[in-house]
Amino acid sequence: MGAITTINRKRADECLSLHTPSPSFNSPHYFYDRSNQIDTHIAKKPRISNIQSAGKLITSAHSVVPRLRQYPEPGKLRREVHAPCRRKGFGLLSGGLKCEDSGIQEKVDMGNTLNKILRKYAEARDNAVSVLRYVGKDKEVIDVEDEPEKEDVISKGWGEVEIVEDGNEIQSVVSDGNRVPEGVEAPESGAIQAASVEALDLTNVENAAKVFGSMSLGFEAYKKLLHNVDAYYSPRLSSLDSEIKLTEAQLQFHQSLKKQEELKKPGEDLLREPFVVLSEEEEREVARAFSNSNRRKILVTHENSNIQITGEMLQCLKPGAWLNDEVINVYLELLKERERREPKKFLNCHFFNTFFYKKLIGGRNGYDYKAVRRWTTQKKLGYGLVDCDKIFVPIHKEVHWCLAVINKKDKSFQYLDSLGGRDFQVLRVLARYFTDEMKDKSGQEIDVGSWELEFVEDLPEQQNGFDCGVFMIKYADFYSRGMGLHFSQENMPYFRLRTAKEILRLRAD
């Protein structure tokens, strides 16, 4: 900035005289005083006329010294020295120095500053610990600060509290005041805002109440929360429990049905019997019976039913023809005789002829039990109808044949139609007939109101307009064997030939 002018030098001298004693200009401390650490170096000495007389310093009127003496003595009037100071963190100055009121720079005691910081830290820690209200009635509290050789976890924002009651140790972790558990309302100011309990037996309500009651959230809050959870999940759990029980019951039912089916499942020999291939001789015999030369000839006569079968009647078993009453009735008689020959191999069944149902519904009101009352006497049948497992009733619907079954064994009334038809009236009439028959023949009044009216599904169905009669008699054949209906439309040509062979020999196999 250039050299200091005479005027500036004078002002510097004036300032110097205000803060320091007036030393002799010849003194070595005038230019540099180490004790005060102030460099008062002046580029050039002021011009002063020095005359020594009688040990006194004589100066001119225009010298600097007389003017300095006009000001007060040093120490009576002090002025601060204002200078820019770069301040760092925690009030420290660069280089470890600090500005004092006196304007004199001194070293800062770093230990004192650190002690202040530690005291503030301790106060903050004590305030945080005082916020934790975990002190309960009759509970021993262990101060975290007094525990020897324990990690200082307060600085991490978490405090570990151990509560010992009745010899049982309960460990809990209490968080700081900045975190609140999810789903819990924040408590009032000054209280704990979060708490989680680990290794706590909630099934013991008394212990849970004591522990939670010592905290700001309280046991009632947790009880209310638990009640809300139960109210939300209990209906769903009850519904799931009911569904599980229902599913288990259904599973057991299907398993029992499966076992019954396995028991009812016939062996390979029984399955093979309805499909035994005709020999060449049997085929030639059937072919002769179908010839036109035998149309008017009586081929066979069934003595018990007094039915005669001519060649013309038998030709209904040729492919594409409808079955007539005589052929159906003779075949059903043969099935009855087969069961009498081998009662252990076949079910105890009764087979009504094709005229029974028409006679039963021939009355004015569509029902006439008296018209068929003598059809089932012990003298005529040789057995009681009440002892039969199944009773087969052919149903003729003008141009279509169906089969109805009074299934006493399974307590049901079944209806089988190869075209998938249904007729409730047939089943109601047979239910009424069976009730009257039991009362008339045995004096028993049987209640069939709980019996099932079943339209058998998954039946072998016909794929044309003329095999309904063959399907109907084969339903009766397989059911009387205790077998399922294991055949289809493809077996119809074979069944026609087999039925003709059995009628010609008056023996059903």
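1. Helices here are DSSP runs of H or I with at least four residues, numbered from the N terminus. By that count, α14 is followed by L506, whose phi is positive, near 50°. The model is a predicted one.

2. Overall make-up. The protein chain holds 14 helices and 16 strands. It has 509 residues, and 33% of them count as buried. Accessible surface comes to about 33900 Å², with 50% of that belonging to carbon and sulfur atoms.

3. Contacts. Take the pairs in the protein chain that lie at least 6 apart in sequence: 55% of these contacts join residues at least 24 apart.

4. Geometry of α14. This helix covers residues 492–505, 14 residues in total. From first C-alpha to last it reaches 20 Å, close to the 20 Å expected at 1.5 Å a residue.

5. Burial of α14. Buried means under 20% relative accessible area. Of the 14 residues of α14, 11 are buried, so the helix is largely enclosed by the rest of the structure. The buried set includes F495, I503 and L504, but also R496, R498, K501 and E502.

6. What covers α14? The cover for its buried residues includes the helices α7 (280–289), α8 (311–314), α9 (325–341) and α13 (468–480). Strands β10 (298–302) and β11 (307–310) also contribute.

7. Surface patch. L225, V229, Y232, Y233, L237, L240 and I244 form a nonpolar patch on the surface. Together they have about 660 Å² of accessible area. One of them, L237, is found in helix α5 (residues 218–264). L237 counts as exposed because its relative accessibility is 54%, and the cut-off for exposed is over 50%.

Terms used. Residues numbered from 1 in each chain as written. Predicted model: local features only at pLDDT ≥ 70, side-chain atom pairs only at ≥ 80, totals over all residues. Heavy atoms only, no water. Patch = residues over 30% accessible without salt bridge, like charges linked within 9 Å, V, L, I, M, F, W, Y side chains within 5 Å. Areas by Shrake-Rupley, 256 points an atom, 1.4 Å probe, with all protein chains shown as cover. Salt bridge = Lys/Arg side-chain N within 4 Å of Asp/Glu carboxyl O. Helix = DSSP H or I, 4+ residues; strand = E, 2+ residues; numbered from the N terminus. Buried < 20%, exposed > 50% of the residue type's maximum accessible area, 1.4 Å probe, protein only. Contact = heavy atoms within 4.5 Å. Expected span 1.5 Å × (residues − 1).
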